[in-house]
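Student: Please take one part of this structure and look at it closely. I would like its surroundings described as well.

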Amino acid sequence: MSSIPALLSSRFQAVTGIDPELRPATKAAFGHYQCNVALRLANEQGRKPRDVAAEIIEAVDVSDIAEPLEIAGPGFINIRVKMDVLATAVTDQLADPHNGIEQEESPDKVIVDYSAPNVAKPMHVGNLRSTIIGDCLVRVLRAGGNEVIPQNHIGDWGTQFGMLVEQILFEGIDATTLTLDTSVELYKRAQVHFREDEAFAEAARLRVVALQSGDPQTRTIWQALIDVSKAGFNRAYARLGVLLTDEDLAGESMYNPMLASVAEDLEQRGIAVVDQGALCVFVPGDETPLIVRKSDGGFGYAATDLAAIRYRLNDLKATRLIYVVGSPQAHHFAQVFAVAKMAGWLPDTVKAEHVGFGSVLGSDGKMFKTRDGKAVTLDTLLDAAEEVAAPDVAMAAVKYADLSNALHKDYVFDLNRMVATTGDTGPYLQYAHARVSQILRRAEADGDIVVDTTATISILAELAEQTLALLLTRFPDTVAEVVASLQPHKLCLYLFELATQLSTFYEQCPVLKSEGEVRASRLVLCRATQKTLAVGLGLLGITAPERM
RNA sequence: GCGCCCAUGGCUCAAUGGAUAGAGCAUCUGACUACGGAUCAGAAGGUUGGGGGUUCAAGUCCCUCUGGGCGCGCCA
């Protein structure tokens, strides 16, 4: 099924030949949708905008969908959707298993790289943003009919493991008895030891070589460290209610065997050159090189990311790559993508996107840190939220606060504001859902059958009903916009508008006190709103409780 | 020094180059034997950091200045 705005848009495009710039009306007085393209065309043709608009109105055939079109202001075309069309669209949307969301005709195979916590380190606010945003994007992309492969690029490789394993051996610890907390403490001791004891530092460096060459004892301890951390990650994911599982784990270590060939390939083809002992790729227009292989022969994360791109395209057959990693990495990904393109590993047909995001700030406007200057751990933060709200509500509060801001901006973590049940918050949306659920529950108790597939919206007499119905029909396009733009806050904004309009409707149009056709119609409208809120919240990774 | 990002009512944020820049919080005024008031209706609050430019149209695009954040060859 095609949404009303999509339908209108294609009808106008048939006449104008270009994108008709169909937009939701900026004010109720202007109708439901507006077409702005007459102004552009008029300017290009050197004619009067209102004349062009009149011509478009004459040629376009939307009489089955809309009331007679109107020209307003300098040359806008205002469109008012017919009430019976609106009523049918909402009824159809309710019956549709995808709630009207258009399914991609040629679905992408999308890799979403997100979360990426480090082994033997506690998860922090940065991981939180990546995890929440990535989870939302996975859900939204799937809802649009795409195949999504989550990839959790955990930090399970690198020089720090030489240090960790060496410290375990030094202390004589049985690695299988470690917990997430004790491994974090171990990490701190190892760091100090590494800094202060040159002999230990040297042993740690040799231990990295042992790890890379597959020394059994080293590998066993390393594996134990990973298992402990994995269990910790999974607890955090369960608590957050995100979709990640062990199946999605694709850590840095996985790419280790591929790194040498990445370097070799780039070097042989003259894309990478040795400079100051390191194998570098100089991307045109970029002063600093991407270092593929360090001067000591080791590989950094640039090599890993390049290997991952090759793997994701060749083995996983991805057609779209999405990296949910903080904004400070923007330059790194720009370089990696550029090098992958130079090497021919990333064809123009495959979109590679870095979804960067801003930092979480404390109430002082500075980076969110504890009093003693340490990074705030995920658990500390979630514990604090659960102190002021029930777990479901607390998670909704934290997630919605994170997703409702434009991604690239920093935001202030203000617990009191985010758990509030009034205003633009997760709990407010949950409350709206619970309240409409209550109406439906009571109606069912009264003997109304509101899930019957033959139930339809037949009356939209009140403005509050019409506005609510109109808003419901905008859901599919809102989701499509997030699929394209990867900006979850657009969905948040939509859902807040929907919840607000539900409250207005609820106030002005009694449902249970009404009778006959009006009651039946309003109950379907309630059901459609309940479903859209639930589906929408679901796409954000937020639960939609029927009671609170 | 080079590069990227940000600046919108008191506060937190929206706004696909389009009509009179919208919300929420806080403030003030109303509506409670209520389909859950965890709410709703309304008011007040703006030279979109400054200055230039492009455009029929600029918060949005370009230049510049100011103020802040981040990144700039071998940590990831």
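Tutor: E21 sits in the loop that joins α1 to β1; helices (H or I, at least four residues) and strands (E, at least two) are DSSP runs, numbered from the N terminus. This is a predicted model, in which local features need pLDDT of at least 70 and side-chain atom pairs count only at pLDDT 80 or more, while totals for chains, interfaces and linings use all residues. Residues are numbered from 1 along each chain as its sequence is written, chains are lettered from A and ligands numbered from 1 in the order in which they are written, and side-chain values use heavy atoms, with hydrogens and water left out.

The backbone of E21 has a positive phi of about 55°, although the residue is not a glycine. Most residues other than glycine have a negative phi. E21 has a relative accessible area of 13%, so it is buried; buried means under 20% relative accessible area, exposed over 50%, and partly exposed in between (1.4 Å probe, protein chains only). A116 also has a positive phi without being a glycine, near 45°. That residue belongs to the loop between β5 (109-113) and α5 (125-143). Because its relative accessibility is 27%, A116 counts as partly exposed.

The loop between β1 and β2 contains H32. H32 is buried because its relative accessibility is 10%. Leaving aside residues up to four places away in sequence, H32 touches R23, P24, A25, I79, R80, V81, M83 and L470; contact means heavy atoms within 4.5 Å. By contrast, 39 Å separates the C-alpha atoms of H32 and L361, which are 329 residues apart along the chain. C35 has 0% relative accessibility, so it counts as buried.

Next comes α2. Its buried residues are V37, A38, L41 and A42. They lie on the same side of α2 because they cover an arc of only 130° around the axis, the arc being that of the directions from the helix axis to the C-beta atoms. N43 and E44 are exposed on the other side of α2. The packing partners of the buried residues of α2 are α1 (4-16), β2 (33-35) and α3 (49-59). After α2 comes G46, with a positive phi near 65°.

β1 (22-24) and α2 (37-45) also take part in the surface near RNA strand B, as do β4 (76-79), β8 (278-281), β13 (411-412), α16 (426-445) and α19 (489-508), each with at least two residues. A residue is near a molecule or strand if one of its heavy atoms lies within 4 Å of it. The most is given by α19, with eight residues. There are 65 residues around RNA strand B, of which E252, K294, S295, T422 and Y506 come nearest. The residues of this surface comprise 27 nonpolar, 20 polar and 18 charged; Ala, Val, Leu, Ile, Met, Phe, Trp, Tyr, Cys and Pro count as nonpolar, Asp, Glu, Lys and Arg as charged, and the others, Gly among them, as polar.

An N or O atom in the side chain of Q34 is 3.1 Å from a base nitrogen of RNA strand B. Y301 places a polar side-chain atom 3.2 Å from a base nitrogen of the RNA. At S295 a polar backbone atom is 2.5 Å from a base oxygen of RNA strand B.

As for the chain as a whole, chain A has 20 helices and 13 strands. Of its 548 residues, 51% are buried. Its C-alpha atoms fill a box of roughly 85 × 60 × 45 Å, taken along the principal axes. Among contacts in chain A with a separation of 6 or more, 72% join residues 24 or more positions apart. The structure holds zero disulfides, a disulfide being a pair of cysteine sulfur atoms within 2.5 Å. The sulfur of C509 has its closest cysteine sulfur in C526, at 9.5 Å, which is too far for a bond.

Conventions
Polar contact = N/O pair within 3.5 Å; in protein donor to acceptor, adjacent residues only side chain to side chain.
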